Amino acid sequence: MVANFVDFLIQSHALEEKYREDSIYGLTLIFEKLIVCTVLFILSFLLGKFWEGVTFTVCFLMLRQTTGGFHAKSFSGCFIGSIATVILTLEVFVPLLAKYIILFGVMLVISIVCILLFAPVNHPNLMLTLEEQRRQRNWSRGILFMEIGVAGAGILLKMEWQQYILMAIIVCAVFIIVAKIIQQEVRTDENKKNR
């Protein structure tokens, strides 16, 4: 479907042939993200926690875009993992950690330190250069501090949605740790050989 659309753009002279593969890849990623987000929002609605699910998903995706971390090998693996992550966050993790505030706080502090020290994880599909890693690191820190600030405002206003923002930070850190443990990260010197 995406390839047919790109071919149509090429035939219409709206896109040059040399950009065909990159366009197919980019549009496929966008299409997959739209599918995942739509399903996650519907799932959140069905669980009776629509705004909580939207808050977690948006904050998680914003931070995850810059921190990297574990990646499934296929779209179906990513799709199932995303569904499991949202269900566990909405139905298990946040309610459980809300009962154990000290544990929640300790996990959050560890997660913040983990993101500050280890993000971004240079996944083989990204193959970030040193300059790109530096930019991603700066963006990840900016988004992290923004999310902490918004969650802090929520705490001061005695709201409940901020715990889903904080959980997004914790889950991002977990994915970073998993990627490090299973050695899914590419070292910078490997980038130079493959670029």
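Contact is taken here to mean heavy atoms within 4.5 Å. The structure is a predicted model, and its protein chain contains eight helices and zero strands. From the N terminus on, the order of elements is accordingly α-α-α-α-α-α-α-α. The C-alpha trace spans about 60 × 40 × 30 Å along its principal axes. Of the 195 residues in the protein chain, 36% are buried. The accessible surface comes to about 11,800 Å², and carbon and sulfur atoms contribute 69% of that area. Among contacts with a separation of 6 or more, 75% are between residues 24 or more positions apart.

Helix α2 (residues 20-46) and helix α3 (residues 50-67) have axes that come within 7 Å and cross at roughly 150°. Because of this angle, α2 is roughly antiparallel to α3. The crossing of the two helices is right-handed. On the α2 side, the contact is formed by Lys33, Cys37, Leu40, Phe41, Ser44 and Phe45, which meet Phe50, Gly53, Val54, Thr57, Val58, Leu61 and Gln65 of α3. By class, eight of these residues are nonpolar, four are polar and one is charged.

A further site was examined in helix α7 (residues 162-181), where isoleucine 170 is located. The relative accessible area of isoleucine 170 is 2%, so this residue is buried, the cut-off being under 20%. With its neighbours within four places in sequence left aside, isoleucine 170 is in contact with Phe104, Met107, Leu108 and Ser111. Valine 109 lies 61 residues from isoleucine 170 along the chain, and the C-alpha atoms of the two are separated by 8.9 Å.

Definitions and conventions. Residues are numbered from 1 along each chain as its sequence is written. This is a predicted model: local features need pLDDT of at least 70, side-chain atom pairs count only at pLDDT 80 or more; totals for chains, interfaces and linings use all residues. Side-chain values use heavy atoms; hydrogens and water are left out. Axes are lines fitted to C-alpha atoms, for helices over the stretch in contact, and angles run from 0 to 180 degrees between N-to-C directions. Helices (H or I, at least four residues) and strands (E, at least two) are DSSP runs, numbered from the N terminus. Angles under 35 degrees count as roughly parallel, over 145 as roughly antiparallel, 65 to 115 as roughly perpendicular and the rest as oblique. A crossing is left-handed if the near helix is turned anticlockwise from the far one by less than a right angle, and right-handed if clockwise. Ala, Val, Leu, Ile, Met, Phe, Trp, Tyr, Cys and Pro count as nonpolar, Asp, Glu, Lys and Arg as charged, and the others, Gly among them, as polar. Buried means under 20% relative accessible area, exposed over 50%, partly exposed in between (1.4 Å probe, protein chains only). Accessible areas come from the Shrake-Rupley method with a 1.4 Å probe; for residues, only the protein chains shown count as cover.
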